[in-house]
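Open the model in your viewer and keep the selection panel at hand. The stops below go from one contact surface to another.

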There are 2 protein chains.
Amino acid sequence: MTTRPGGRSARVRAAVLDATYAELVERGYLGLTVENVAARAGVHKTTVYRRWATIDLLIADALDSSRDTGWPAPDTGSVEGDLIAIADEIVTVFADPARRAVPEAVVTAALHSGRARQAKRDFYAARHDQAAAVVRRAVQRDELPPGTDAVELIRLTCAPLYYRIFITGEPVDHATAERSARAALAAARAGLLRTWDATGPVSSPSRTAVDRLR
Amino acid sequence: MTTRPGGRSARVRAAVLDATYAELVERGYLGLTVENVAARAGVHKTTVYRRWATIDLLIADALDSSRDTGWPAPDTGSVEGDLIAIADEIVTVFADPARRAVPEAVVTAALHSGRARQAKRDFYAARHDQAAAVVRRAVQRDELPPGTDAVELIRLTCAPLYYRIFITGEPVDHATAERSARAALAAARAGLLRTWDATGPVSSPSRTAVDRLR
DNA sequence: CTCCAATCGCAACTCGTGTTGCGTTAGCCT
DNA sequence: AGGCTAACGCAACACGAGTTGCGATTGGAG
């Protein structure tokens, strides 16, 4: 997608990656074969095989392409609202069989291929950073203790949902999302997620919030 | 394993399931083929194919067999110590390539087969129930608010670790385990994990802890 | 405009997984 | 102990994913 309109190579690459997404949504990871992807992309299967050794590398490449796609972080006015919105979006995605097929395939592929594992790591790192904006905002608004690890709070918010979905196989709903967000928030408010030592006065990188209290 | 010494069928079944575990540890999910399992079990491959249609069903059956194996919940004297011990065990398991192969295979198999998904769900439900004992103890000792959802506290303790391991691909260590346990505990102590309504006096199913305070 | 290198399409092939039919063996029941 | 049924071993086969060699096409450079 970087050089979308370009030489034949770029055109073929884009067509194949698009076809991969489409096949993934339609048939899931299991039904994903190189032949089907090639057929949908209007390309011969050898072309696909020559460029991507396995399906997992194909998924990894497709994920890389979509990583830099903009993802708008919610802005409800409060951290609590924002975190619940983030958690709710996860619930919504996994409630739709078509949409949940993509992350499921990514997780599966990452368990098979180191390259896919790397792509997945990069993808979630980017997403976490984008989502962490709501936390950084909250710290500036004194809603949360200064020095709160923004990404860690995002992790704690999402983790219980993914845990249920991928590990225990338990259902998730709006109540689950709300509970996860509130629990994570409780830890943050208790000062358990501070990056720098919280036991005493330190040379903090930013004491603006504290200073403003005086 | 239920009727270990029995007819030929039971013997073959046990041999195959044992071989499945051994192959899983040695070669991982990817290297797991029916032929290898059959060879190690001293059985012909058609015998395996006739009983278990796919590898995933084989893994599911092996998981079922190991579900009722006793798992000793830690008892350090405090909930915090117990939860950290539980979290630490997860870190330890996934630090060992051989031991992490099993849960990884289970998660992969569950994404492929409904039968494996069910086996995984049952397994974690049993584990959660066993681990929840430390929480129930803590509630009785008044370390935690009465009505605290024991299993939910266990979920919140484990979730951030599994999230890093399976989803984001970030590393886990003792510090991660400790932080997860403490964060979950903060939510529980804040009364966010109560099963019954916490906003006022209710007809609670069990007010023993409250009664004892008088 | 022409040539050249890279890439693609095509068909035939290899190889491993999973299947099938049949003969054989083991365990249980009277 | 003898027979009966269910399960197993074996070999041959079917099928599809992935590979390979070669000719054809594309897009850019001089």
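Select the interface of chain B and chain A: 14 residue pairs are in polar contact across it, both residues at pLDDT 80 or more. A polar contact here is a pair of N or O atoms within 3.5 Å; within protein, one must be able to donate a hydrogen and the other to accept it, and residues adjacent in sequence count only if both atoms are side-chain atoms. This is a predicted model, in which local features need pLDDT of at least 70 and side-chain atom pairs count only at pLDDT 80 or more, while totals for chains, interfaces and linings use all residues. Residues are numbered from 1 along each chain as its sequence is written, chains are lettered from A and ligands numbered from 1 in the order in which they are written, and side-chain values use heavy atoms, with hydrogens and water left out.

Next, colour chain B by element. On the side that touches chain A, α6 (97-112), α7 (114-131), α9 (150-168) and α10 (174-189) of chain B each supply at least two residues; helices are DSSP runs (H or I, at least four residues), numbered from the N terminus. The largest share, twelve residues, comes from α9(B). By class, this side of chain B has 18 nonpolar, five polar and nine charged residues. Ala, Val, Leu, Ile, Met, Phe, Trp, Tyr, Cys and Pro count as nonpolar, Asp, Glu, Lys and Arg as charged, and the others, Gly among them, as polar.

Now show B:R179 and A:E152. They form a salt bridge, with the closest N and O atoms 3.0 Å apart. There are six salt bridges between chain B and chain A, each a side-chain nitrogen of Lys or Arg within 4 Å of a carboxyl oxygen of Asp or Glu.

Chain B and chain A bury about 3,200 Å² between them, 68% of it on carbon and sulfur atoms. Buried area is the accessible area (1.4 Å probe) that two parts lose on being put together, summed over both. In chain B, select B:L111, B:Y163 and B:I167, which lose the most area to chain A, together 21% of what that side buries.

Move to DNA strand D.

Which part of DNA strand D does a polar side-chain atom of A:Y49 approach? A phosphate oxygen, at 2.7 Å. For the bases, select A:K45, with a side-chain N or O atom 2.9 Å from a base nitrogen of DNA strand D, then B:R50, where the corresponding distance to a base oxygen is 3.1 Å.
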